[in-house]
Amino acid sequence: MEKNRKNGSFCHSISYKDYVIHGIYLTIYGIVKYLPSPIGDYLRLFVVKIFCKKIRNPRIYEGVTIWYPYRMEVGSRVTINEWVYISAYGSLVIGNNVLIGHRVSILTSEHNFMSKEKIIRTQGIKPGAVKIGNDVWIGANATILSGLTIGDGAVIAAGAVVTRDVSPYSVVGGVPAKIITERV
């Protein structure tokens with residue numbers, strides 16, 4: 001934690017190295033982000049592989065936004081469909097054979113907000129690692145909040161907002177997401 005000099009608030013610190021690496025990544029990735037498949041898929045993978053902590057061979061469709069890829073690990077045979085938003089600020093691990101539907105949001109941080117004495121903007125952010133197991137399907141427009149674990153074989157229904165850990169082979173849906181059934 002670092003104290004903000006202007007207003008005395010505390011926030012999660014970001015090093016200059018983070019700014020430089022992230023700036024270079026965003027510049028290069030911005031060039032290939034909207035290129036159509038199939039050539040765009042290969043170019044996006046090439047750029048993300050350079051910066052990602054550990055990545056096998058996912059398919060990254062056009063319009064996917066990935067923040068802080070160097071804090072992310074991605075297994076093999078992962079599909080990330082169009083317009084997915086991934087923030088790996090607090091670290092993200094995605095297992096093997098994961099399907100991520102259109103317009104999914106995966107968030108690994110949240111704003112601190114508990115103090116009534118300070119405006120939320122000055123309270124900083126709190127990272128929270130997300131772990132997604134193997135053989136997981138995340139339906140379109142689902143949102144995964146920070147600090148969660150999605151167990152192996154789980155299914156997240158379209159439009160669900162996941163606010164708690166999901167046990168292996170569970171099917172969850174709704175806002176907030178609740179168990180609908182179990183896979184057999």
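Predicted model: local features only at pLDDT ≥ 70, side-chain atom pairs only at ≥ 80, totals over all residues.
Helices and strands here are DSSP runs, numbered from the N terminus.

**Backbone geometry**

- As background, most residues other than glycine have a negative phi, and most peptide bonds are trans.
- Asp135 has a positive phi, near 55°, and is a residue other than glycine. With 38% relative accessibility, Asp135 counts as partly exposed.
- Arg77 is not a glycine either, yet has a positive phi of about 55°. You will find Arg77 in the loop between strand S6 (72-74) and strand S7 (79-80), where a relative accessible area of 63% makes this residue exposed.
- Ser37 and Pro38 are joined by a cis peptide bond, with omega about 0°. Pro38 belongs to the loop between H1 and helix H2 (39-51).
- Another cis peptide bond links Val175 and Pro176, this time with omega about -10°. Pro176 sits in the loop between S20 and S21.

**Aromatic rings**

- The structure contains six aromatic pairs. One of these is formed by Tyr25 and Tyr29, which are stacked with 5.4 Å centre to centre and 20° between the planes.
- Tyr25 and Tyr29 are separated by about one helical turn, because they are four residues apart in helix H1 (residues 16-32).
- Both partners are buried: Tyr25 has a relative accessible area of 0%, and Tyr29 has one of 3%.
- The pair of Tyr68 and Tyr70 is edge-to-face, because the ring centres are 6.1 Å apart and the planes lie at 75°; planes over 60 degrees apart count as edge-to-face.
- Tyr68 is buried at 13% relative accessibility, and Tyr70 is buried with a relative accessible area of 17%.
- Trp67, Tyr68, Tyr70 and Tyr89 make up one aromatic cluster. Over the face of Tyr89 lies Arg71, at 4.9 Å from the ring centre.

**Thr65 and its surroundings**

- Thr65 is part of strand S5 (residues 65-67) and counts as buried, at 18% relative accessibility.
- The side chains of Thr65 and Lys33 make a polar contact at 2.6 Å.
- Setting aside neighbours within four places in sequence, Thr65 is in contact with Lys33, Val84, Tyr85 and Ile86.

**Val136 and its surroundings**

- Val136 lies in the loop between strand S14 (130-132) and strand S15 (137-138). Val136 counts as buried, at 2% relative accessibility.
- Apart from neighbours within four places in sequence, the residues in contact with Val136 are Asn97, Val98, Leu99, Ile150, Gly151, Gly153 and Ala154.
- Val136 and Leu26 are 110 residues apart in sequence, and their C-alpha atoms are 28 Å apart in space.

**The second largest pocket**

- The second largest pocket has a volume of about 170 Å³.
- Its lining includes Val162, Thr163, Arg164, Asp165, Val166 and Ser167, and also Ser170, Val172, Pro176, Ala177, Lys178 and Ile179.
- Strand S20 (170-173) and strand S21 (178-182) each contribute at least two residues to the lining of this second largest pocket.
- Pro176, one of the lining residues, is also the proline joined to Val175 by a cis peptide bond.

Methods
Residues numbered from 1 in each chain as written. Heavy atoms only, no water. Phe/Tyr/Trp six-rings, centres within 6.5 Å; stacked < 30°, edge-to-face > 60°. Buried < 20%, exposed > 50% of the residue type's maximum accessible area, 1.4 Å probe, protein only. Lys NZ or Arg CZ within 6 Å of the ring centre and 35° of its normal. Polar contact = N/O pair within 3.5 Å; in protein donor to acceptor, adjacent residues only side chain to side chain. Contact = heavy atoms within 4.5 Å. 1 Å grid on protein atoms, 1.4 Å probe; cavity = no way out; pocket = protein on both sides within 12 Å on 5 of 7 lines; lining within 4 Å. Points joined across faces, edges and corners; volume = space filled by probe spheres on them.
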